[in-house]
2 protein chains.
Amino acid sequence: MSMPFYSKHSKHYVAVDCIIFGFDQEKINILLHKRKFEPYSGGWSLFGGFLEENENLNNAAGRILHTLTGFSGVYLEQLFTYGDVERDKERVLSVAYFALINTERYSSVEGGDFDAVWIPLEELPDLVLDHKIMVNKALRRLRRKAASEPIGFELLPEKFTLPRLQKLYEAIYGEGFDKRNFRKKILSMGLLKKLDEKDKSGSKKGAFLFRFDKKKYDELLSEGLGFEL
Amino acid sequence: MSMPFYSKHSKHYVAVDCIIFGFDQEKINILLHKRKFEPYSGGWSLFGGFLEENENLNNAAGRILHTLTGFSGVYLEQLFTYGDVERDKERVLSVAYFALINTERYSSVEGGDFDAVWIPLEELPDLVLDHKIMVNKALRRLRRKAASEPIGFELLPEKFTLPRLQKLYEAIYGEGFDKRNFRKKILSMGLLKKLDEKDKSGSKKGAFLFRFDKKKYDELLSEGLGFEL
DNA sequence: TCAAAAGTGTTAGTGTTACACCCATGA
DNA sequence: TCATGGGTGTAACACTAACACTTTTGA
């Protein structure tokens, strides 16, 4: 089945690179590894791979994430496509994706690249190619979206306490928030279901666990409302 | 100069498609044309072309825009990359860009595709491939950005009246705004320089012309402030 | 002189910010 | 019993939204 339509045009390598964010109850981390192939072998790198012949772009991102880290079913969103001729030794386009990982569910990286390490955002080393630019863009996107869509919950286990949620938002935005105002706002949306359980890992008293109510969120969406922090 | 690094991977056609928005003092329009090559010849289409061997992605978008429409130096921003295998007859990735055109400067499309037509957003016909999806995404992006960055001015001539500016925002958001509140908010940012000239084309009385003050905007940006409508 | 668009302030309501103390518990 | 983090309300302030009349001028 030859398709003659576009054959006069040139073809290009297309890579997919993933910016993987995780939250460890304290700070935002990024999953990196030391690149094992040329060029730039040995440099700190995002997880990436090449788009295959008959593979959807989103699927490629999922596949790369899965084979290199063992993660599956996680939040994955296309970020931007980097297409400068000089960005690599050979001409390669890179479609960047960012992923949000619940690190409780995936506390260890299994079946993937065992050199993968979580590195705190503030201690980011130099990265290979234009990967640092990608990380910065991903972070800006995360900050924007976390305020207008409930994607922050992707970084937490299903049940979480309000102090943890607040820590998460503080880590994302790099600033502290007032406890009472934060609770007021987040609870006033009516999207968190308070459970009867407490998590006592953080204090003697223990903090109540909550769960994000996706059903109610979908209802609100269809009424034209939504999540707004 | 052969570069052996990535040669085991497959290569792909990469297209660039441009969603071109214009404003005619009344409503938002999109520049379309009837596609002149197979497949889907004759269907309404965005302006697109293929990425060449040694061409940066952004340059390709600029080149395509320029050769097909004659526009140059206009606002152009990468939107999203569409990479499903089935999106075209042959496997082609498409990187969508959106452009904002001051239609006063480019009142007629010169030296380009003479079948290009401005079509009002509300009367959008069926488009070829996934182009309608692209248009919708571009519109969402335009709406989001127009409220947080001064990109709306790209759709107006350098000098414009406040009533026109308001019409523009009303067209972007598809709703009417209160005249006094709109003026108050936009003028309170201090980013518009009032000129001594009036534009009498819209009324007997005439409305004062303003100019966007880019210098002051850059100052504000560096102070951490910005444009917020 | 009148039709048509430009221009101008105030008020009520809503949301945001700032702020300090008591509670429950395990060590 | 005390140190630690969890939980709670209110008041000043800033911002938003609603609203109606006067001005200018060309036809």
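Across the interface of chain A and chain B, 28 residue pairs, both members at pLDDT 80 or more, are in polar contact, a term for a pair of N or O atoms within 3.5 Å in which, within protein, one atom must be able to donate a hydrogen and the other to accept it, residues adjacent in sequence counting only if both atoms are side-chain atoms. The side of chain A that touches chain B draws two or more residues from each of strand E1 (11-23), strand E5 (75-82) and strand E6 (92-101) of chain A, and E1(A) gives the most, with four residues; strands (E, at least two residues) and helices (H or I, at least four) are DSSP runs numbered from the N terminus.

This is a predicted model, in which local features need pLDDT of at least 70 and side-chain atom pairs count only at pLDDT 80 or more, while totals for chains, interfaces and linings use all residues. Residues are numbered from 1 along each chain as its sequence is written, chains are lettered from A and ligands numbered from 1 in the order in which they are written, and side-chain values use heavy atoms, with hydrogens and water left out.

The contact (heavy atoms within 4.5 Å) takes 38 residues from chain A and 38 residues from chain B. The buried area, meaning the accessible area (1.4 Å probe) that two parts lose on being put together, summed over both, is about 3700 Å² between chain A and chain B, and carbon and sulfur atoms give 55% of it. In chain A, Tyr6(A), Lys11(A) and Tyr13(A) lose the most area to chain B, together 20% of what that side buries. Between the two chains the count of salt bridges is zero, a salt bridge being a side-chain nitrogen of Lys or Arg within 4 Å of a carboxyl oxygen of Asp or Glu.

The table lists strand pairs, two strands being paired if DSSP finds at least two bridges between them.

| Strands | Sense and bridges | Residues opposite each other |
|---|---|---|
| E1(A) and E1(B) | antiparallel, three bridges | Lys11(A) and Tyr13(B) |
| E8(B) and E10(B) | antiparallel, three bridges | Thr161(B) and Leu209(B) |

In chain B, Asp213(B) caps the N-terminal end of helix H5 (residues 214-222), with a side-chain oxygen 3.3 Å from the backbone nitrogen of Lys215(B). H5(B) is followed by Gly224(B), whose phi is positive, near 90°.
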